[in-house]
Amino acid sequence: MRSTRNPGRTKALIAAPLMALALLTVTACEDSGGSGSSYGAGAAGKPADQQQAASPAGAPAEAPAEEQPAADGSADAAAPKQPPAPSISIRTAESDLGTILVDDQGRTLYGFTKDKPGQANCDSDCIAVWPALISAKDVTAGEGTDASLLKEIKLGAGAEQAVYGDWPLYYYVGDVTAGDVNGQGLDGEWFVVAADGKLIKSEA
């Protein structure tokens, strides 16, 4: 006996593979990235693990270009520069007391008998009247002086007080012009200094 085919069943068997093929085609188009988003991709289109490696979580944002220091150091060049500290020298000068030590401006220099060799004992009240000869640079030995007698005491903050022989050197505020020796013999403790590093205790 001859079997009779069911036309409806035949159409269903043919349609099922065609629908499956159509679904595969649509899925392939979406996964190709043509119009859909890629799973796990960041805003820049990089995989999430690569994006995290490029910008670690919690890392500070890079500063704008204008905030970066100039490679040639031009930012430092724009800062005001302090003029170099002037150097100071001592020399000898003739006075009514004989040959004495003065600075390069001719101002008389004194020693204090309460100082110990190379150690200053002039306190803040004393310094107000007897300013120390201090400099940020080494004081140099000028005409008539003995360079081997010239030393310094470290005072901190980069300052040094000049010492000649055993005596730290000071000015006197009562000396108005170069060559004045108004501090000579005051209180029996302040005297001008000779070229050999000894105090001159005679009266003017």
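How many disulfides does the structure hold by the rule used here? The count comes to 1 disulfide, a disulfide being a pair of cysteine sulfur atoms within 2.5 Å. The partners are Cys-122 and Cys-126, with their sulfur atoms 1.8 Å apart. The angle about the S-S bond is -100°, and the link of Cys-122 and Cys-126 is left-handed. Both Cys-122 and Cys-126 are buried, where buried stands for under 20% relative accessible area, exposed for over 50% and partly exposed for what lies in between (1.4 Å probe, protein chains only).

A word on the ground rules: this is a predicted model, in which local features need pLDDT of at least 70 and side-chain atom pairs count only at pLDDT 80 or more, while totals for chains, interfaces and linings use all residues. Residues are numbered from 1 along each chain as its sequence is written, and side-chain values use heavy atoms, with hydrogens and water left out.

Next come the aromatic rings. A pair of aromatic rings is described by the distance of the centres and the angle of the planes. Rings of Phe, Tyr and Trp (its six-membered ring) pair if their centres lie within 6.5 Å; planes under 30 degrees apart count as stacked, over 60 as edge-to-face and the rest as tilted. The structure holds 5 aromatic pairs. In one of them, Tyr-170 and Trp-190 have ring centres 5.2 Å apart and planes at 90°, so this pair is edge-to-face. The pair links distant parts of the chain, 20 residues apart: Tyr-170 sits in the loop between β8 (167-168) and β9 (190-193), and Trp-190 in strand β9. Strands (E, at least two residues) and helices (H or I, at least four) are DSSP runs, numbered from the N terminus. Tyr-170 counts as buried at 1% relative accessibility, and Trp-190 is buried too, at 2%. Both belong to one aromatic cluster, together with Tyr-110, Phe-112, Trp-130 and Tyr-172.

Then there are the charged side chains. Side chains of opposite charge can pair when their charged atoms come close. With a salt bridge taken as a side-chain nitrogen of Lys or Arg within 4 Å of a carboxyl oxygen of Asp or Glu, a search of the whole structure finds 3 salt bridges. Asp-103 pairs with Arg-107, the closest N and O atoms being 2.7 Å apart. Asp-103 is buried at 0% relative accessibility, whereas Arg-107 is partly exposed at 39%. Arg-107 also lies over the face of Tyr-171, at 4.5 Å from the ring centre (the rule asks for NZ of Lys or CZ of Arg within 6 Å of the ring centre and within 35 degrees of the ring normal).

Lys-114 and Glu-189 meet in another salt bridge, at 3.4 Å from N to O. Lys-114 lies in the loop between β3 (110-112) and α4 (124-129) and Glu-189 in the loop between β8 and β9, so the pair ties together parts 75 residues apart in sequence. Glu-160 and Lys-154 also form a salt bridge, at 2.4 Å from N to O; Glu-160 is buried at 9%, while Lys-154 is exposed at 61%.

Finally, Thr-108 is found in the loop between β2 (98-103) and β3 and is buried, with a relative accessible area of 3%. A polar atom of the Thr-108 side chain lies 2.6 Å from the backbone oxygen of Asp-180. Leaving aside neighbours within four places in sequence, Thr-108 is in contact (heavy atoms within 4.5 Å) with residues including Tyr-170, Tyr-171, Asp-180 and Val-192.

Terms used. Polar contact = N/O pair within 3.5 Å; in protein donor to acceptor, adjacent residues only side chain to side chain.
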